[in-house]
Amino acid sequence: MLLAEHARAQERRRLAEEMHDVVTHHLTLMVLHAGALGTGSADPTVRTAAEDIRQTGTRALTELRDLVGVLRNAGETRTAQPSQPTAPDPRTLVDEARAVGETISYVVDGDPGQVSPTVRRTAHRVVQESLTNGRKHVPGAEVTVALSYRADGVTVRVANGAADRSADGALAGSGSGVGLLGLAHRVELIGGTLRSGPRPGGGYQVDAILPAHVPTREDAG
């Protein structure tokens, strides 16, 4: 049993490192090209778009580092590290959605500072994936995003009402079909649970329960 667990841990670390190397290589190139495009162009529209791409790539690198750290270090004893990178604020996702005409109710209860950056980034991903799926499959629906931060953990709920128009076929078919599955795996990696399913009368709901802290090098204390 111990040998099998050790083998799984070794394989998990190997895959995490391989994923990190491959994806980081391409994301870094994307960030560098976007930065060069923004600096070299005199067109304000191009410069703005390039900066958006650069910032998105930078955030993706941060999320990748966080996820790989969880995969690599799961089940090990960690030592405390003083560095705690800033976690993204889900309000940014809500503001972006409202800017393109989506109707979203946003409720936050408690202090996000009570939980670790890794947990806050996972909560951000729950909101991000849920809003993206809603955009694809229930366009025009009213959305409620609610987060509750407590000393013992975080609860996240994203609930979509019924669509007010038909979904765009190209947009609805643009995903991999495993977004929620991957999200559930990420939530489980930090010791949380994710539930999702249709709502009565139409729409969809995603609920996540996350711990306050996870044992990574970043968050150990």
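Author: Let us begin with a definition: helices (H or I, at least four residues) and strands (E, at least two) are DSSP runs, numbered from the N terminus. Asp 109, for instance, lies in strand E1. This is a predicted model, in which local features need pLDDT of at least 70 and side-chain atom pairs count only at pLDDT 80 or more, while totals for chains, interfaces and linings use all residues. Residues are numbered from 1 along each chain as its sequence is written, and side-chain values use heavy atoms, with hydrogens and water left out.

Reader: How many helices and strands does the chain have?

Author: The chain has 6 helices and 5 strands. Along the sequence they follow the pattern α-α-α-β-α-β-β-α-α-β-β.

Reader: In what order do the strands form the sheet?

Author: Two strands pair if DSSP finds at least two bridges between them. Here 5 strands form an open sheet of mixed pairing, in the order E1-E2-E3-E5-E4. E1 and strand E4 (193-198) are at the edges with a single partner strand each, so one side of each has no neighbour in the sheet.

Reader: Which way do E1 and E2 run, parallel or antiparallel?

Author: Strand E1 (residues 104-109) and strand E2 (residues 143-150) run parallel and are joined by 6 bridges. Between E1 and E2 the chain passes through helix H4 (residues 117-137), and this β-α-β crossover is left-handed. The convention is that a crossover is right-handed if, with the strands pointing away from the viewer, the path from the first strand over the helix to the second runs clockwise. Within this pair of strands, Ile 104 stands opposite Val 143 in E2.

Reader: What joins E2 to E3?

Author: E2 and strand E3 (residues 153-160) run antiparallel, with 8 bridges joining them. They form a hairpin that has 2 residues between the strands. Leu 147 has Val 156 in E3 as its bridge partner, and Ala 146 stands opposite Arg 157 in E3.

Reader: Which residues have the most contacts inside the largest nonpolar core?

Author: In soluble globular proteins, nonpolar side chains tend to be buried together. A nonpolar core is a set of buried Ala, Val, Leu, Ile, Met, Phe, Trp, Tyr and Cys residues joined through side-chain atoms within 4.5 Å. The largest one here has 28 residues, and Val 145 and Val 156 have the most contacts inside it. H4 gives the most to this core, with 5 residues. Leaving aside neighbours within four places in sequence, Val 145 is in contact with residues including Ile 104, Val 127 and Leu 131.

Reader: How much of the chain is buried?

Author: Of the 221 residues in the chain, 37% are buried.

How values were computed:
Buried < 20%, exposed > 50% of the residue type's maximum accessible area, 1.4 Å probe, protein only. Contact = heavy atoms within 4.5 Å.
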